[in-house]
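The structure comes first, then the reading.

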Amino acid sequence: MKTQHYGNHKKYYAPHHFIFIPMMLLFMAVGLRQYFTGQQREPAWLVLALASFSILYLGIMLRQHYALGNQDRIIRLEFRLRHQHLLGKPSTEAELQLSFDQLAALRFADDAEFVFLLHRALSEYLSADGIKKAITNWQPDHMRV
């Protein structure tokens, strides 16, 4: 498995991103093109385009909605556990000051950098992207959705 770092940490699911979505976009484009440029405005082409759009939209939303909601909860729990383990106190105060994106960015830091970057995020208001860029010992997360 490749070493994970800032430049390659995004994850794609090939059947979804490279087959399903392009096919639905193609069907939608063909349907709209045929409807607007065909000899006659056949309603079947417009129905194909609208059906393709609806299926595409539902496919994207449903896949992401449940998985990401669950993943967000796990990331928050991981943050609380690491905070308690490394600092010996609950994370309630830090969680109130940080956005979810900042909490999620901190998961890529190893334990030594976690504490340092947490303090920087709280005092310097580092963005999530700023936190990720400041990580020197990237800890990969290969189990993301």
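The expected span of a helix is 1.5 Å times one less than its number of residues. Helices are DSSP runs of H or I, at least four residues, numbered from the N terminus. This is a predicted model: local features need pLDDT of at least 70, side-chain atom pairs count only at pLDDT 80 or more, and totals for chains, interfaces and linings use all residues. Residues are numbered from 1 along each chain as its sequence is written, and side-chain values use heavy atoms, without hydrogens and water.

**Helix α5**

Helix α5 covers residues 111-124. Its 14 residues should span 20 Å, and its end C-alpha atoms are 20 Å apart, which agrees. E113, F114, L117, L118 and A121 are buried in α5 (under 20% relative accessible area, 1.4 Å probe, protein chains only; exposed is over 50%). Seen down the axis of α5, the buried residues fall within an arc of 135°, so they line one face of the helix. A112, F116 and S123 are exposed on the other side of α5. Y125 follows α5 with a positive phi, near 55°.

**Pockets**

A pocket is an open set of points on a 1 Å grid where a 1.4 Å probe fits, with protein on both sides within 12 Å along at least five of seven lines; lining residues have an atom within 4 Å of a point.

| Pocket | Volume |
|---|---|
| Largest pocket | about 480 Å³ |
| Second largest pocket | about 250 Å³ |

The largest pocket is lined by 25 residues, with L68, Q71, R107, R144 and V145 nearest its centre. α2 gives the most to this lining, with 6 residues. The lining of the second largest pocket includes Q71, R107, R144 and V145.

Notes
Grid points are joined across faces, edges and corners, and a volume is the space filled by probe spheres set on the points. Helices (H or I, at least four residues) and strands (E, at least two) are DSSP runs, numbered from the N terminus. The arc is that of the directions from the helix axis to the C-beta atoms.
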